[in-house]
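Hi,

Here is the structure I promised to pass on. Have a look at it first, and then read my notes below.

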Amino acid sequence: MGQRVLVVDDDPTVSDVVRRYLEREDFSVQLAGDGQAALDAYTAQRPDLVVLDLMLPGIDGLEVCRRLRKQDRDLPIIMLTALGEESDRVLGLEIGADDYVTKPFSPRELVLRVQSVLRRATPMPPPAEELTDGDLRLDVARRVARLRGRELALTVREFDLLAFLMRNPGRVLRRAELLEQVWGWTFGDQSTVTVHMRRLREKVEDDPAEPKRILTVWGVGYRYEYA
């Protein structure tokens, strides 16, 4: 079997369908039915990716996501959310989830999202490259970002997004282009970009409310300006 996926959902029917579809693509799948079981399974198995339902008995999915992200900032997490839980989706992305799929969903779509997220999380080793903007430095090969000498705690997606912005200074980048270039999606909810930009500003801007590096071009997208 291939990469390990932990599927966390309290509905056995959903879990079993997802497991079968993932196993067809040579993933090794482990199931957990509640939040505590998910945390225990992560500690014991160290999966390569977690598919995480938000509505769980005991410890809910948002809290599980928060705790997993504290333990491993690079762990890919895909949330499963109900159609009307937009605020929870946004909160989950802010906590550190990489992607989400809305119930009811196509199991095949979920498999494609898993494959896409894992591809982005385990890219080919990049050539030696350092991007520098004043006191902000990115070592692309080692995937380390520092601001004033202090290492920044960036998730995989945040690092990729910042690197893409710094490679394209002065260009107005539409959200759809960012989804395709950074997430690898040709479709998807563009609010994902908005949430990640907000989190990134909180880490690289002196005043996120008055950004100097990551600028919003209203109605279009974003532009990166070097100091």
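Predicted model: local features only at pLDDT ≥ 70, side-chain atom pairs only at ≥ 80, totals over all residues.

How many bridges join β6 to β7, and in which direction do the two strands run relative to each other? There are 4 bridges, and the strands run antiparallel.

Now for the inside. The largest nonpolar core has 28 residues, and L136, L138, L162 and L178 have the most contacts within it. At least two residues each come from β7 (136-139), β8 (144-147), α6, α7 (175-183), α8 (191-204) and β12 (221-224). The largest share belongs to α6, which supplies 7 residues. Apart from this core there is another one, of 24 residues, including L52, L56, L75 and V195.

Beyond its neighbours within four places in sequence, L136 is in contact with L131, R146, L147, L152, L162, M166, V204, R213 and Y224.

Another one to check is T155, in the loop between β9 (150-151) and α6 (156-167). Is T155 buried or exposed? Its relative accessibility is 5%, so T155 counts as buried, the cut-off being under 20%. Leaving out residues up to four places away in sequence, T155 touches R69, R73, D74 and R199.

Finally, the overall picture. The protein has 8 helices and 12 strands, and its C-alpha atoms fill a box of roughly 50 × 35 × 30 Å along the principal axes. A compact globule of 227 residues would have a radius of gyration near 17 Å, and the 18 Å found here agrees with that. Of the 227 residues, 47% count as buried. Among contacts between residues at least 6 apart in sequence, 59% join residues at least 24 apart. The accessible surface comes to about 10,800 Å², and carbon and sulfur atoms account for 50% of it.

Over to you!

Methods: Residues numbered from 1 in each chain as written. Heavy atoms only, no water. Buried < 20%, exposed > 50% of the residue type's maximum accessible area, 1.4 Å probe, protein only. Contact = heavy atoms within 4.5 Å. Core = buried A, V, L, I, M, F, W, Y, C linked by side-chain atoms within 4.5 Å. Pairing = 2+ DSSP bridges. Rg over C-alpha atoms; globule rule 2.2 N^0.38 Å. Areas by Shrake-Rupley, 256 points an atom, 1.4 Å probe, with all protein chains shown as cover.
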